[in-house]
Amino acid sequence: MNGTRPRLLPALAALASVLTLAACGPGAGTRTGAAPVELRWYCCLGTGEQADQVKVERAVVDKFNARHRDIRVKLEVVTYNSARDTLATQIASGNGPDVVGPVGVGGAAAFHGQWLDLGPFIKSSAFDLSTYAEGTADLYRIGSVQEGLPFAIYPSTLYYKADLFTEAGLAEPPHKYGEKYRWPDGREVEWNYDTLKELALKLTVDKNGKDATEDGFDPESIVQYGFEPARDDLRYQGAAFGAGSLDSGDGETVKIPDAWADAWRFFYDGMWKDRFIMTGPVFETDQFNGDGAAFFSGHVAMSVNFLWSTYGVAGAGTDWNLAAMPSHDGTTTSPTSADTFRILARSKHPAEAFEFLSYLVGPASGELLSAYGAMPARTADQDAFFGKLAGQFTNTVDWQVVKDSVRYADTPHSEAYMPKYNQTLSILGTYRSRWMTKGGLDMDVELKNMRDEIQDVWDR
Amino acid sequence: MTAVPIRRRAPMSRMARREARHGFLFVLPWIIGFLAFTAIPMVATFVFTFLNITLSESEPLRFVGLENYQRLFGDRQAWASLWVTARFALLWLPVVVALPFLLAVAVNSRYVRGGGLLRVLLFMPYVVPFVAGALIWQNMLVDDGWIDSALRRIGVAHPPSWLNDPTWVIPGLVLIGLWGLGSGIIINLAGLRGIPTHLYDAARLDGAGWWRRLRHVTIPMMSPVLFYTMILAVVDVMQYFLVPLVLFDGSGDPGGATRFFNLYLYQTFFTFQEMSYGSTLAWLLFVITLVVTLLLFRLSRHWVHYTSER
C-alpha cells in the first residue's frame, strides 16, 4: 500500500493538469468564451456531389472555420438521388441541418413552409442586394418570405451541332432573339417550334442515310436524331413553350397551361409519330445516352437544356454551339434554373447560419460557382465566369446567347410551389415515363386523366 | 352435488424458479427489441392513422377520425400500386414456390451427376448481396444488354425492352428474382432428404413410376415445406420494394409499372412526407398480409399433410 501512494499523487496531479489545459483549449478562446456554435451544411439537393465539387466545398468550409472561431461548420454530402428523402427524414426526426444547398426552386418547393425568412437578417446586416440585376432577388421570394439570396442562375438555350447542319446543307439556327431562320431556298421564317420541327425531321437520319422526310426512311434504324427536349421534367418541357403553372391561381384548381399541353403533344408525337425525338427505350441505350443527356452522345442535332449541361457537352464533339430558344405562339421563353442556399426555419442558430450563408453567396461564391459551372447571379461577375468557361472548350461558343436568354426567363417559374407538391411531381413523373415508353396513346385522354388525377390529390 | 376439487398447480421448486428467471433473462433482449422496434412502433402508427401528421404542410396537430381511411378508398395511386403488387404476385408466386422444388427434385435425383457441385452453384447467387445482384441484372436486361443480344442471336429481331416497357418490366423483375432462389432450393432439398425411403420402395413395389411417385409420395410429403415457402413468398411479395427502388430510383418507372404498394408507402412517408397517411397505408398492408396468410393457413388443411401428430 505504502508503495502505491507516492505514484498515485503525481498521477492525480497530472490528470488535474490535463483537465485544466483541456478547459483552456481552443473553445475557451472564442469571442464569447463559450464553445463554438456548430452548424451543419447539407448538400446536395441540386448540384454539388461530384468529387471535385466536394473538394471545393470542403475548402470553402475550412476557410470559413479558420476565420470564425465562434462557428464550426460541418459539411454533409448526400447524393442527389437520396438527398430529398434523407432531408425529409432528418427534419421529421428533429435533426434537420442549418444551411441547405445549393438547391433550386423545385428542391426548395418540396420543403415548402420550412425555410427561414431571411428578410429580417438582410435588413439587420444591411446585405447589399444592389449588386444583382433588378428582380433577381424576387426569384427567391415565396409570398412574403425571402427564402434565399441570389447565387447561381442557369438559363436555357438551344444546343446544336453545327457540322450536322452543314452536312445537311442547312443554315444554323439564329443566335439572336428575334432573328428569323433562313432556309436554303432563301425563305425566311420565324424561329419557332414549327421551324425547329421541320429542321429536326431533316436532321433525323436512318442507317441508310435517309432523313425523316424521305420515302423509305426506316424509323427502326435511326442513327441520328433531330431534336432532344429536356426530358427530365414535364414542367420544364412545358415552360420551354411558355411559362405557366398547374395552379390556375386559386391554389385549388388544376389547369394545364395551353403552352404546356402543346409542348407535351410535340414531345409525344415527336417520339412516336414523327420520330425526330428518341423514345424512352432508345434514350436508355448506350449509343444515345451520353452521360445522362442524349446531346452528349454526338448523335443529336439540337437540344434544349440549361447552362449546367456544359459539364458534359464536350462529349458531343468540338462543333457544338448555342442558339436562341425558339418561340411558341409568338412568345419566347427560356426556362431558368436558380440555385441558392437556404436556412431551415428550425435552425437553432439562425444568426450564425445567416453569417455562413452570406459567406457562401459572397466571398466564397467565386470558387463555388466555378465548381458548379453556374452563371453568377451577380452581374459584375458574369464576364469573368464566361471567360473561364470558354477556356474549357476548344470550339468557339457564342456565350452572348446565354446572357441574352436571361431576359426570357420563365415567370412564373415552372418549378414554383403548387399544392401537394411532391405528389403532383410524382404523377407528372409517371405520365412522363408512360409517354416515353408507350406508343399509340391518345394525348387528349392522357392530358384529361393527368389533370383529373392531380385534381384528386389536390382535393384531399 | 359434490364439490369438484380444484387442481392447484404444484408450487415451483427453487431450482425451477431460478431456471425460469434465467430463461426470462435470456429472452429479455429479444423482448426489449420486439417492444422497441416492432410493438411500440406498430401501436404508434395505429395512433398516427387518426391524426394529421405531415411534414410538407405546416398544419397544427389534430385528431382527424377516420379521414385517412376515407382518403384511402378514393386514392387511385394506392389501388394502382396494389394492382402492380398483385400482378407481380400472380407471376412470381408460382415461380418462387414451384421452381426451387423442381430444381431440388432434379438435384436430388440419383440420375443427376455432380449433385454437390450443382447445389453449390445454385446456392452461390444467394450469397451475393441482393442490391449488387439487381445492378448486375440491370446491365443484363438493358436494351443492348446480354439477354437481348442473346435473343437477337437466336433470331428474335425485336427482343423485349425488359426495363423500359411497362408490359415487360414485371417479367423482367421475375427474371431478376430468380437470382435469389438458392435458399428455397436448399430448404426443398432438406425436405426431400427427410422423406422416408421405405415409402418410395413401397410405391415401386406397387408398380408406381416416376410421375406417380412424385405425385403420390414426394408432393404430399413435401407439402409442409411447400406451404412454408409459399407463406414466406407471400410475405416477401407484400414487402417487395428493394429491386424497383434500386433500378428505378423509386420513381415507379416505366409509367408507374413498378410502383409497388410498398414503394408507394415509402414515397408517402419519405417523399410526400405524409406520416399519418403513410401509417394508414402501412396498416392496410399489414391487414392484407394477415388476411392472405390466414386464408392460406385455412386452405392448407386441404392439401398440407403432416406426418407427426400436432
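**Sheet in chain A.** I began with an open sheet of 5 strands in chain A, ordered 10-11-12-7-13, and noted that its pairing is mixed. The model I worked from is predicted. I then looked up the edges: strand 10 (205-206) and strand 13 (320-323) of chain A each have a single partner strand, so one side of each is left without a neighbour in the sheet.

**Surroundings of L158(A).** I listed the contacts of L158(A), leaving out residues up to four places away in sequence. The list includes P173(A), M302(A) and V304(A), and also the run L322(A), A323(A), A324(A), M325(A) and P326(A).

**Nonpolar core.** I next looked up where L158(A) stands in the largest nonpolar core, which has 164 residues. L158(A) is among the five that touch the most other members, together with V99(A), A152(A), F356(A) and L357(A). I noted that helix 3 (residues 76-108) of chain B gives the most to this core, with 9 residues. Why does the core lie between domain 1 and domain 2 of chain A? I recorded the reason as follows: both domain 1 (35-154 + 337-377) and domain 2 (157-335 + 417-459) give residues to the core, so it lies between them.

**Domains of chain A.** I computed a separation of 32 Å between the centres of domain 1 and domain 2 of chain A, taken over C-alpha atoms. In the contact between them, I counted 10 residues of domain 1 of chain A and 8 residues of domain 2 of chain A. On the side of domain 1 that touches domain 2, I found 6 nonpolar residues, 4 polar and no charged.

**Contact of chains A and B.** I turned to the contact between the chains, which takes 27 residues from chain A and 26 residues from chain B. On the chain A side, I noted that helix 3 (80-92), helix 10 (280-283), helix 15 (421-437) and helix 16 (443-459) each supply at least two residues. Helix 15 of chain A gives the largest share of that side, 9 residues. By class, I recorded 5 nonpolar, 13 polar and 9 charged residues on the side of chain A that touches chain B.

**D201(B).** Last, I located D201(B) in helix 9 (residues 197-205) of chain B.

Note on methods:
Residues numbered from 1 in each chain as written. Chains lettered and ligands numbered in written order. Predicted model: local features only at pLDDT ≥ 70, side-chain atom pairs only at ≥ 80, totals over all residues. Contact = placed C-beta atoms within 7 Å. Helix = DSSP H or I, 4+ residues; strand = E, 2+ residues; numbered from the N terminus. Nonpolar A, V, L, I, M, F, W, Y, C, P; charged D, E, K, R; others polar. Pairing = 2+ DSSP bridges. Core = buried A, V, L, I, M, F, W, Y, C linked by C-beta atoms within 7 Å. Buried ≥ 20, exposed ≤ 12 C-beta atoms within 10 Å, placed from the backbone. Domains from an automatic or database assignment.
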